[in-house]
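Have the model open beside you as you read. We will walk through the fold one element after another, and you can pick out each residue as it is named.

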Amino acid sequence: MPYEKHSIVKIVLTMAAFLLAVALSAADAKAAPQLFGSHEIATTKISGHAKWTGILERVAPGGGNIGNCLPTRDGKCSDVKWDRFVESLRGLDRADQLAEVNAYFNTAPYVSDRRNYGVGDYWATPRQLLARGGDCEDYAIAKYLALRAAGMSAREMRILVLDDLENHVQHAILVVYDDERAWALDNQIARVTDTRRIHSYRPVYSVNEAGLWLHAN
């Protein structure tokens with residue numbers, strides 16, 4: 001994800017307003033572990049994030065298909081491969097669910113949005129990721145939606161867009177909260193990793209179905 005994607009921050013607040021509001025939102029920040037040492041301010045206004053809301057619309061019932069779609073007798077679409085994978089997650093403990101989801105989607109080939117879709121930034125559904133590969137936010141989206149389908153609540157997860165300071169690019173991962181820990185499901189890291197063990201990431205913003213958070217270090 002190139003640095004040009006920083007423009008997404010402008011859809012919510014100016015940085016000046018963000019810095020002014022950090023102190024007022026301390027209680028919100030305590031609701032979950034800090035991500036990579038950042039402070040955050042929450043908003044419920046995800047409507048301005050068209051790529052994210054577009055994903056939610058496309059994977060909603062009647063809005064599009066998630067996995068490997070096969071036609072049924074009534075002409076509808078059955079996401080057989082997706083359904084089987086989600087079903088395999090049910091009944092597993094939290095650690096095993098995260099490990100299975102991270103490993104499963106990390107097998108998809110990395111393909112840039114420019115090569116895949118001819119644009120600089122495109123947020124793909126899990127079906128598209130499995131069919132043609134994708135880039136970092138596509139892995140995070142697929143992992144988020146798989147865990148949601150398996151029964152995990154939206155408040156337990158966020159898609160986090162961040163600066164990868166080591167590789168000098170913008171990157172995206174899925175963060176899953178578990179008690180006082182935050183776990184990173186990252187296409188660049190084979191295993192699910194405690195975010196406190198990663199030191200080269202600087203958060204920019206995070207999002208789920210409930211809201212959007214801006215981060216400052």
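In helix H3 (residues 50–59), the buried residues are Trp52, Thr53, Gly54, Ile55, Leu56 and Val59; buried means under 20% relative accessible area, exposed over 50%, and partly exposed in between, with a 1.4 Å probe and protein chains only. Helices (H or I, at least four residues) and strands (E, at least two) are DSSP runs, numbered from the N terminus. The cover over the buried residues of H3 includes helix H7 (126–132), H8, E4 and strand E8 (201–207).

A word on the source: this is a predicted model, in which local features need pLDDT of at least 70 and side-chain atom pairs count only at pLDDT 80 or more, while totals for chains, interfaces and linings use all residues. Residues are numbered from 1 along each chain as its sequence is written, and side-chain values use heavy atoms, with hydrogens and water left out.

Stepping back, the protein chain has eight helices and nine strands, and 48% of its 217 residues are buried. Seven of the strands form an open sheet with antiparallel pairing, in the order E1-E9-E8-E4-E5-E6-E7; two strands pair if DSSP finds at least two bridges between them. At the edges lie strand E1 (39–43) and strand E7 (193–194), each pairing on one side only. Helix H8 (residues 136–149) packs on this sheet, where it touches E4, E5 and strand E6 (181–185); contact means heavy atoms within 4.5 Å. The direction of H8 makes about 15 degrees with that of E5, using axes fitted to C-alpha atoms (for helices over the stretch in contact) and angles from 0 to 180 degrees between N-to-C directions.

Now follow E5 itself. Because eight of its 10 residues are buried, E5 is largely enclosed by the rest of the structure. Eight antiparallel bridges join strand E4 (residues 157–164) to strand E5 (residues 169–178); isoleucine 159 has leucine 174 as its bridge partner in E5, and aspartate 164 stands opposite valine 169. These two strands form a hairpin with four residues between them, and histidine 168 in the turn has a positive phi of about 60 degrees. Toward E6, E5 makes five bridges, again antiparallel, with valine 175 opposite alanine 184. The hairpin of E5 and E6 has two residues between the strands, and aspartate 179 there takes a positive phi near 55 degrees.

What does the side chain of histidine 171 contact? This residue is found in strand E5 and counts as buried, at 2% relative accessibility. Its side chain joins that of aspartate 186 in a polar contact of 2.8 Å; a polar contact is a pair of N or O atoms within 3.5 Å, where within protein one must be able to donate a hydrogen and the other to accept it, and residues adjacent in sequence count only if both atoms are side-chain atoms.

Serine 206, in strand E8, is buried with a relative accessible area of 0%. The side chain of serine 206 makes a polar contact of 2.8 Å with the side chain of histidine 215.
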